[in-house]
Amino acid sequence: MTAASSLPGHPFITYQSGELYVEQVRLSELARTHGTPLFVYSKAAMLSALGAYQRGFAGRKAHICYAMKANSTLGVLQVFAQAGCGFDIVSGGELARVLAAGGDPAKVIFSGVGKTRAEMQQALQAGIGCFNVESTAELEVLNEVAESMGEKACVSLRVNPNVDPKTHPYISTGLKGNKFGVAHEQAVHIYLHAARLPGLKVVGIDCHIGSQITEMTPYLDAMDRVLDLVTQIEAAGVPIHHIDFGGGLGINYNGDTPPEADALWAQLLAKLDARGFGDRQLMIEPGRSLVGNAGVCLSEVLYLKPGEQKNFCIIDAAMNDLPRPAMYQAYHHITPVQPRIGTGDVFDVVGPICESGDWIGRDRSLNVQPGDVLAVLSAGAYCMSMSSNYNTRGRAAEILVDGDQVHLIRERESVFDTFQLEHLPV
Ligand SMILES: *Cc1c(COP(=O)(O)O)cnc(C)c1O
């Protein structure tokens with residue numbers, strides 16, 4: 001390999017002279033300096049993914065609220081805060097992170113089915129932009145909390161458009177059987193109720209139909225369903241100032257071909273205009289599509305274990321670092337940072353954790369030896385933010401690459417860190 005060749009779907013991750021780079025930084029070097037497992041993120045990749053949305057919304061009144069549960073590391077949040085993004089949060093903890101990273105609370109929207117009173121208070125004190133309310137019971141509690149503080153909480157109701165996003169059942173959220181949102185049929189009634197509650201100010205409507213969506217049709221269908229509701233709700237006398245279409249756009253993990261954000265929004269905005277809602281304030285809540293393919297996880301090969309039915313390649317990253325394969329049977333591409341010549345063997349790539357579910361990739365052709373470093377791709381979203389200490393493994397370190405600059409944005413967690421809040425009973 002002579003000229004730089006980027007990996008499909010990963011324009012900022014390239015092989016140059018037989019070595020894998022993120023932007024201008026050699027990954028073998030990072031692994032040597034910082035150890036493994038190590039998450040490495042490209043700032044340019046994040047800004048480029050954001051840029052596709054910004055192009056899509058050029059000339060529109062639109063707020064992009066990064067759904068930070070995809071990756072809530074402060075250094076990642078700062079990139080998006082400085083680029084002008086708001087944040088979609090799902091807990092008081094996430095709100096604290098936004099503030100610590102310099103995010104604007106006025107651009108925060110608070111989603112989730114189980115907000116506590118304490119979280120509502122915290123969010124009202126911080127002055128967040130909007131609560132995305134998911135049930136009648138939550139409306140009542142939020143009204144009480146806001147009244148007791150002498151405040152008015154801005155609310156949007158999350159409606160369930162009953163659209164199949166054609167994705168994994170665990171990440172499908174807009175179907176009738178899901179716990180999310182209020183039923184389409186009851187929405188008008190609940191809006192009328194919300195409008196009468198003195199502690200609330202109805203400002204918007206929102207939906208979020210699922211994650212890793214790779215087709216346009218579910219979005220177009222959901223938009224139609226939501227706009228039908230806006231028409232009905234406004235006819236009933238409750239004005240809707242903003243429409244929030246949620247997140248969910250997929251990324252290329254394994255030859256997936258989701259639409260580009262700007263192409264998707266060209267179609268969606270055409271529909272919005274055709275239906276006469278083109279001048280509305282818009283919001284979106286993308287998570288995975290902003291960070292997923294900006295990150296890799298570096299991991300060292302510990303052992304090769306040939307077997308009768310399977311060969312195992314045992315690496316030092318595990319399901320506590322990379323939970324998606326175990327949770328969703330998800331695919332992550334795996335590639336050596338310094339590829340060897342030749343074809344090698346077929347392996348199941350697994351971690352050291354004592355669970356058969358601890359696999360990272362199945363049936364992968366790899367030419368590797370112990371000590372080699374592998375890059376697990378598409379590891380920017382729902383990896384570090386879902387990581388755990390299972391098997392008393394400290395969490396990995398994280399690096400943000402910006403051109404040739406290397407920023408350590410999270411130190412490796414020590415074993416002491418993992419038990420410092422515990423007490424021996426005697
Ligand atoms: C998780 C979530 C998102 C982001 O989903 P992605 O698939 O990561 O884009 C947006 N909105 C809500 C309410 C969510 O729960």
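Analyst: Helices (H or I, at least four residues) and strands (E, at least two) are DSSP runs, numbered from the N terminus. Counted in this way, the chain has 12 helices and 22 strands. Its radius of gyration, taken over C-alpha atoms, is 23 Å, close to the 22 Å from the globule rule (2.2 Å times the number of residues to the power 0.38) for 426 residues, so the chain is as compact as a globular protein of that length. The model is predicted, with local features needing pLDDT of at least 70 and side-chain atom pairs counting only at pLDDT 80 or more, while totals for chains, interfaces and linings use all residues. Residues are numbered from 1 along each chain as its sequence is written, and side-chain values use heavy atoms, with hydrogens and water left out.

Two packed helices are described by the angle between their axes and the distance between the axes. Here the axes of helix 2 (residues 43-56) and helix 3 (residues 74-82), which are lines fitted to C-alpha atoms over the stretch in contact, with angles running from 0 to 180 degrees between N-to-C directions, come within 11 Å and cross at roughly 45°.

In the contact itself (heavy atoms within 4.5 Å), Lys-43, Met-46, Leu-47 and Leu-50 of helix 2 meet Val-76, Val-79 and Phe-80 of helix 3. By class, this contact of helix 2 with helix 3 has 6 nonpolar, no polar and 1 charged residues, where Ala, Val, Leu, Ile, Met, Phe, Trp, Tyr, Cys and Pro count as nonpolar, Asp, Glu, Lys and Arg as charged, and the others, Gly among them, as polar.
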